[in-house]
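Below are my notes on the model you sent.

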Amino acid sequence: MNELTNRRREWLLFAALLLPLCILRFSLNSGSGPYGVDGSYYAQIARNVAEGRGLVTNVCLYHQGLDPLPAPTNIYPLWPMLLGTTARLIGFTEAMRHLPRVLYLLAVIALYIAARRVTGEQRIIGPFTVAHLAAVIFGLTPVFFSSTTFPYTEGLAFLLACAALALAFQQGAAAALIGGIAAGLATLTRSQMLMLVVAVILARALAAVRDKRWTDLLLTMVGASLVLVPWIFYVSTLTGTFAWTNLTASYVQTPAIPPYPFAMQTADSTAMVRLKGLGTAFNPASPNSFFALFGPVVLLVPIAAAHWVYRAFKARPRLSAGVLAFVLSGAFLCFVLALVPMRFFREWLFGWRHGLPLIFLIVPALVELFAFGHRAVRGAALLIAV
């Protein structure tokens, strides 16, 4: 009875925290456009879907050489399909205006649920838990807020990613299969989320070795494959080849056009490039760093990592498949950005929408410091978060 009362108080507090976020979120909208560079690209595909032309684009990007237009596209399909279907039901402008904002709220709720699986009932003050703090941090992140003002992919992508991570904490056939499907759908919403699939499968694999949960691993892989393989086969009809890169790279219809050079050419070694990238990622003075997204709360990630290593020397912390999925997802999704500097827009994308998955490292970092840290460590962590 006491546990039920505590859980009810936590949910009531979360609802109270969500209310001002909801008011703030619905006080701003994209209006009738324009919708931003990428948002406008998704919007024109969504208009084609709404008007019955299917998943085709009127815009040719990055030396694709599409001819004639409109032409089929291999852009991650789930978001423009959902947007177009919604536009068919409620009107184009209304869909652009309302759907991203609704998905903002659903993504924050999903993050709270997933974070609560990591944090358990770890409280900070009274009924205020680490999961509450994580949800508020994410909900108030300016780039996430702006991305869900316009028809970008972030709201739907993080809703699906958090669902996949929450299910990674559960054992059993249904949770494993649906978790794999959710991770696959996240990839079809934003190609960067392919690393989420890798992380969730690897976390299940480590749990399978340790706990003999081989069926869960197999079903997670089946779930992701049920989503991704049909899409790859479809794109193969456009490109003529079956390749996993069709999930992440725009296909080229006119081979005579030289490929668009996304990566910056540099004389530095690969290791030096990655070191420069990681240096930028955690440079408080850089507008391209994680600090541009989350502010000083970024400091909690390396602090918590060092704290966990210190604890690991004294004991052997046991990480569940769900916690492993969180940590691996955050690491893979963020630090893949350090592999290659970009030659357009920004050299490094840590401080832009691509860096938002750092929240998947911030959540376990908060747990590590508040659950296992000294009182002074907890106080410093709370001060930094605030």
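**Notes on pockets and surface**

1. The lining of the largest pocket comprises 41 residues, and those nearest its centre are S191, F262, M342, L349 and H354. Two or more lining residues come from each of helix 2 (37–50), helix 6 (142–147) and helix 9 (194–211). Please keep in mind that this is a predicted model.

2. Helix 2 gives the largest share of that lining, with four residues. The volume of the largest pocket is about 1500 Å³.

3. How does the lining of the largest pocket divide by class? There are 26 nonpolar residues, eleven polar ones and four charged ones.

4. The second largest pocket has a volume of about 510 Å³. Its lining is made up of 20 residues, with W308, L319, V327, P364 and E368 lying nearest the centre.

5. Which helices each supply at least two residues of the lining of the second largest pocket? They are helix 13 (300–314), helix 14 (321–335) and helix 15 (359–372). Helix 15 provides the largest share, six residues.

6. By class, the lining of the second largest pocket holds 17 nonpolar and three charged residues, and no polar ones. E368, one of the residues nearest the centre of this pocket, belongs to the charged class, because Asp, Glu, Lys and Arg are counted as charged.

7. Helix 13, which contributes to the lining of the second largest pocket, also contains A306.

8. On the surface, a nonpolar patch is formed by F26, V102 and L106. Together these three residues have about 220 Å² of accessible area.

9. L106, one of the residues of this patch, sits in helix 4 (residues 92–119). Its relative accessibility is 38%, so L106 counts as partly exposed.

How values were computed. Residues numbered from 1 in each chain as written. Predicted model: local features only at pLDDT ≥ 70, side-chain atom pairs only at ≥ 80, totals over all residues. Heavy atoms only, no water. Patch = residues over 30% accessible without salt bridge, like charges linked within 9 Å, V, L, I, M, F, W, Y side chains within 5 Å. Areas by Shrake-Rupley, 256 points an atom, 1.4 Å probe, with all protein chains shown as cover. Salt bridge = Lys/Arg side-chain N within 4 Å of Asp/Glu carboxyl O. Buried < 20%, exposed > 50% of the residue type's maximum accessible area, 1.4 Å probe, protein only. 1 Å grid on protein atoms, 1.4 Å probe; cavity = no way out; pocket = protein on both sides within 12 Å on 5 of 7 lines; lining within 4 Å. Points joined across faces, edges and corners; volume = space filled by probe spheres on them.
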